[in-house]
Amino acid sequence: MKTTVSDFGMTKENVKAKRYKLENDNGMSVEVSDFGALVLSICVPDKFGNKRDVALGFEKLDDYYNTETAFGAYVGRNANRIANAKVVIDGVEYLLDNNDNGNNLHSGNNRSHIQSYDAILVNRKESCTVKLFRESPSMEQGFPGNLLQKIQYTLTNDNQFIIDYEITSDETTVINPTNHTYFNLNGHNSGDVLRHKLQVYSDKVLEINSSMIPTGKYVDVENTPMDFRKKKEIGRDIENGYYLLKLAGGYDHNYVFPNDGKLKKLARAYSYESGIAMGIYSDLCGLQLYTGNFLDNQKGKEDAIYKKRNGVCFETQYFPNACNEPKFPSSIFKKNKQYKSRTMYEFTVEK
């Protein structure tokens, strides 16, 4: 295991940002930054022994300010959408940024992926870790409570990329982070992901309305194009006229899992072209499957041009609008109650 630290540039607050490259003994590496707690690259050896960077992103720090894509982003305080851009906590209504057709998306405008974090490196025989820390002051992004955030990125010799969150607030508040990496198992600059094979081990998906807000209803995936219980190509049904797909312009839906706090396998993606497979694990109840429907000729690293469906996100989280929907497990945490969660992406190769 090896770690390398290099410069990433200056933030708008004139803070020097760093890149942290974690490398294991198998040739896999992950690069993250103390700016935005961003995931900058994930390089995995393919079935030919060649390394492919399977995470979409940018070369320069400045580019992460000027995009709504959220490439590689740590999304906090709240991932996904909050209806009507407001939340009621202990009888008090908090107004949030209206940045998504009357709703709040990924907490608003002053996003967590353009903030600076303190960093600590930890090297062990079988893993290496970057621990990132930041206190979000009360009412930042409109949410109450001083929020102590710890985001921990670990790469193991088993080709596991692990994200651990530990978050507490001194006031009752919403806590629902995620990671927003766009994956392409053929390489970030290789075109669309429609031929990737995907399994999602869930028999229900959340119904949404025309504003992409869950209605509170769980939809059985059987006999619908939302069914990924048996592996199929992502693109096989994506243009189907099914109402949920039409509402989102593709897959942008939350799949339902037990809210039992246990780490479990939620999904598996695979590309025959590269031979790279990725298992997605989490202890949370929701997985947002997003197929990059809004990518639109976005210039990325290595002069790549990212187009519609050139990446796929697997965002582990509480359900969208869980802070307001009484039918859902709540994303509101009491004062000083710790939010603790783990997400893991495990990479293997099939020849």
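This is a predicted model: local features need pLDDT of at least 70, side-chain atom pairs count only at pLDDT 80 or more; totals for chains, interfaces and linings use all residues.
Modeller: Residues are numbered from 1 along each chain as its sequence is written, and side-chain values use heavy atoms, with hydrogens and water left out.

Biologist: How many aromatic pairs are there?

Modeller: Rings of Phe, Tyr and Trp (its six-membered ring) pair if their centres lie within 6.5 Å; planes under 30 degrees apart are stacked, over 60 edge-to-face, and the rest tilted. The count here comes to 22 aromatic pairs. In one of them, the ring centres of F183 and F314 lie 6.3 Å apart with planes at 45°, so this pair is tilted.

Biologist: Where in the chain do F183 and F314 lie?

Modeller: Strands are DSSP runs of E, at least two residues, numbered from the N terminus. F183 belongs to strand β17 (residues 182–183) and F314 to strand β28 (residues 312–317), 131 residues apart.

Biologist: Is F183 buried or exposed?

Modeller: Buried means under 20% relative accessible area, exposed over 50%, and partly exposed in between (1.4 Å probe, protein chains only). F183 is buried, at 1% relative accessibility, and F314 is also buried, at 1%.

Biologist: Which residue lies over the face of Y272?

Modeller: A charge sits over a ring if NZ of Lys or CZ of Arg is within 6 Å of the ring centre and within 35 degrees of the ring normal. K47 lies over Y272, at 4.1 Å from the ring centre.

Biologist: Where is N321 found?

Modeller: N321 is in the loop between β28 and β29 (332–333), and is buried at 8% relative accessible area.

Conventions:
Helices (H or I, at least four residues) and strands (E, at least two) are DSSP runs, numbered from the N terminus.
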